[in-house]
Amino acid sequence: MSPDLAITLVYVGYALAVLLTFGAVLTWVERKQAALMSDRIGANRAYLRIPFTQVKLIWLGLFHGMADGLKLLLKEDFKPITYDKLGYALGPWLAFTPVVLVFAVIPFGGTLDPGRLFPGLADWFGGRTYPMQIAQLDAGLLIVFAFSGLTIIGAMLAGWSSSNKFSLLGALRAGSQMISYELVLALTVLGLILIYGTLDLISIVQQQSGTVLGFLPAWGIVLQPFAATLFLTAAIAENKRIPFDLPEAESELIAGYFTEYSAMKMGLFMFAEFIEIAIVAALFTTLFLGGYNLPWMTDAGFVFPWGATVELSHGAVVLIQMVTFLAKVFLVCSFQILIRWSLPRFRYDQVLMFAWKFMFPLALANLIVTAVAVWLIKGGA
Amino acid sequence: MAYDVRAYRRKQYWNEPVMGTWEKLYLPEILRGLFITSRVFVRNMAKWMTGRKGALTTYYPEERRADYSPINRGKHILTLRADGSGKPQCIACNMCATVCPAKVIEIEAAFDPSDPVHPKVPARFEIDYSRCIFCGLCVEACPEDAIRMDKDTPDLPSRDRTDMWIGKEELLSWKPQSDVAKKYPKATTRSGGGH
């Protein structure tokens with residue numbers, strides 16, 4: 001086994017573990033945060049009993065996710081009579097897989113030098129370093145949009161193949177909404193691409209490690225606060241969550257495009273939604289919150305603007321960067337949940353109106369202003 | 001043929017929301033809303049983390065509310081005779097069972113030769129709390145003040161509806177009261193705040 005393959009396998013394992021953990025933990029976080037925001041206690045009855053004793057582990061209701069998963073696995077897989085077999089089976093997977101694949105191009109840490117971390121293996125690695133990203137692609141951002149565009153197919157296929165008019169309506173809504181907001185999403189990111197001059201996410205994150213005006217971290221949200229707001233809004237709409245959850249509006253469409261799904265297939269849709277919260281948060285962190293960067297931190301340690309420095313070993317730096325990234329992702333996830341439990345749902349015409357008449361012109365304006373500013377800063381022509 | 005356009009005009013409501021420029025900007029008002037909800041979150045989180053309760057929920061059945069109304073109709077009590085004999089006041093006349101709209105009271109009468117004044121006594125007196133609607137008609141119907149309702153409802157919930165039959169022994173003993181003049185709650189004046 002070559003060192004490259006070993007490192008990539010470790011990265012893939014880490015990414016899958018992080019995503020699945022986030023998917024499972026976010027169901028609990030969403031319940032508890034919603035409860036705290038509305039003066040309630042939240043789900044706390046599920047427990048694990050230690051065998052042969054009466055000791056019940058409740059742990060703040062952490063096991064409710066397990067109970068849900070078990071229930072979904074054991075439920076009858078109930079299907080409509082006239083469903084389309086192939087599309088019905090493919091739907092959940094087409095909604096789930098691309099969401100997970102997006103994480104392949106997101107850098108979740110700085111540069112790893114395994115030879116320095118494990119001196120015993122230094123010869124095997126031969127001094128090579130690895131950026132902490134599964135697929136080192138120049139066109140990382142394009143991959144992100146390509147994969148997140150694929151999820152539309154999953155939603156449409158699921159709605160169409162279950163031969164139910166609620167599903168079909170939900171699928172149509174999902175399709176038009178996601179395509180509209182994808183446009184806004186891409187336009188807002190275009191401003192960042194102009195500033196950083198690259199599509200490579202690693203390079204984008206590295207360029208956010210410095211400071212502007214001497215003390216502010218050079219994060220995307222500092223350079224492009226307007227684009228950051230538009231991006232988060234469009235990303236939540238893309239994820240079909242309240243206030244943009246028209247495709248699965250319970251009061252109108254039962255569950256929208258996955259009305260006819262039951263058991264684990266329905267669970268897959270839900271799980272995809274929760275993982276997409278984490279993915280949106282990871283993207284937002286990477287593009288606008290400086291990724292794994294802490295303010296005034298370099299690969300050698302901290303260099304504060306008032307002159308003090310703190311030296312750190314390579315292992316400590318790698319650990320701090322990974323934890324920083326996860327903490328930022330978690331905070332953005334929590335912010336999305338805050339939005340979901342604060343705002344009411346749009347009307348359907350308002351959703352598309354909002355995308356085309358409000359956000360689209362604003363994104364265009366942001367792009368033009370950014371282009372002119374970049375042209376002026378680079379010295380004009 | 002031209003139709004009457006006015007018929008299709010949208011109705012104007014007296015509380016039609018009017019948005020000013022500030023509201024039409026969306027973002028400031030959304031941020032204000034998020035600030036309100038996150039303030040509640042932070043307040044409740046701080047309460048939980050300092051060991052206080054950050055919710056309005058009563059965690060039943062582990063927790064009981066202390067502020068039940070004094071005239072709340074809860075679990076029934078069979079009163080005891082005031083002579084200290086420990087016998088129930090009930091004379092098994094079946095009036096409560098007859099008036100009960102949910103038909104949850106079952107009484108089986110017996111003969112007690114030792115008490116010539118009250119020869120008829122209940123051998124069984126059972127209430128099915130899975131069906132009781134707590135209307136209080138049994139209390140109204142009783143000619144002997146033998147059945148009362150307390151404001152508390154201890155040990156009523158159960159995981160099995162067959163466990164929710166409560167018999168004479170428990171009704172007599174869970175909160176023993178004897179047949180003396182009924183203690184009505186003191187009249188509260190309006191200015192006193194009431195309950």
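Trainee: Which side chain does the side chain of R241(A) make a polar contact with?
Mentor: That of E273(A), at 3.2 Å. Keep in mind that this is a predicted model.

Trainee: Where does R241(A) lie in chain A?
Mentor: In a loop, the one between α10 (225-238) and α11 (250-253).

Trainee: And is R241(A) buried or exposed?
Mentor: Buried. Its relative accessible area is 3%, and the cut-off for buried is under 20%.

Trainee: What else is R241(A) in contact with, leaving aside neighbours within four places in sequence?
Mentor: Besides E273(A), the contacts are E30(A), I236(A), I277(A), Q336(A), I337(A) and R340(A).

Trainee: OK, zooming out. How many helices and strands are there in chain A?
Mentor: Chain A has 14 helices and eight strands. Its radius of gyration is 23 Å, close to the 21 Å from the globule rule for 381 residues, so chain A is as compact as a globular protein of that length.

Trainee: What does the C-alpha trace of chain A span along its principal axes?
Mentor: About 65 × 65 × 45 Å.

Trainee: How much of chain A is made up of buried residues?
Mentor: 49% of the 381 residues are buried. As for contacts in chain A with a separation of 6 or more, 76% of them join residues 24 or more positions apart.

Trainee: Switching to the interface. How many residues does the contact take from chain B and from chain A?
Mentor: Chain B gives 20 residues and chain A gives 16.

Trainee: And what area do the two chains bury between them?
Mentor: About 1,600 Å², with 69% of it on carbon and sulfur atoms. In chain B, the residues that lose the most area to chain A are L34(B), F41(B) and Y59(B), which together account for 34% of what that side buries.

Trainee: Why quote an area for an interface?
Mentor: The accessible area lost when the parts come together is often used to give the size of an interface.

Trainee: How many salt bridges does the count give between chain B and chain A?
Mentor: One. D39(A) pairs with R43(B) in a salt bridge, and their closest N and O atoms are 3.1 Å apart.

Trainee: What about polar contacts across that interface, how many residue pairs?
Mentor: The rule finds six residue pairs, with both residues at pLDDT 80 or more.

Trainee: And by class, what does the side of chain B that touches chain A have?
Mentor: That side of chain B has 13 nonpolar residues, five polar ones and two charged ones.

Definitions and conventions:
Residues numbered from 1 in each chain as written. Chains lettered and ligands numbered in written order. Predicted model: local features only at pLDDT ≥ 70, side-chain atom pairs only at ≥ 80, totals over all residues. Heavy atoms only, no water. Contact = heavy atoms within 4.5 Å. Buried area = accessible area lost by both parts, 1.4 Å probe. Salt bridge = Lys/Arg side-chain N within 4 Å of Asp/Glu carboxyl O. Polar contact = N/O pair within 3.5 Å; in protein donor to acceptor, adjacent residues only side chain to side chain. Nonpolar A, V, L, I, M, F, W, Y, C, P; charged D, E, K, R; others polar. Helix = DSSP H or I, 4+ residues; strand = E, 2+ residues; numbered from the N terminus. Buried < 20%, exposed > 50% of the residue type's maximum accessible area, 1.4 Å probe, protein only. Rg over C-alpha atoms; globule rule 2.2 N^0.38 Å.
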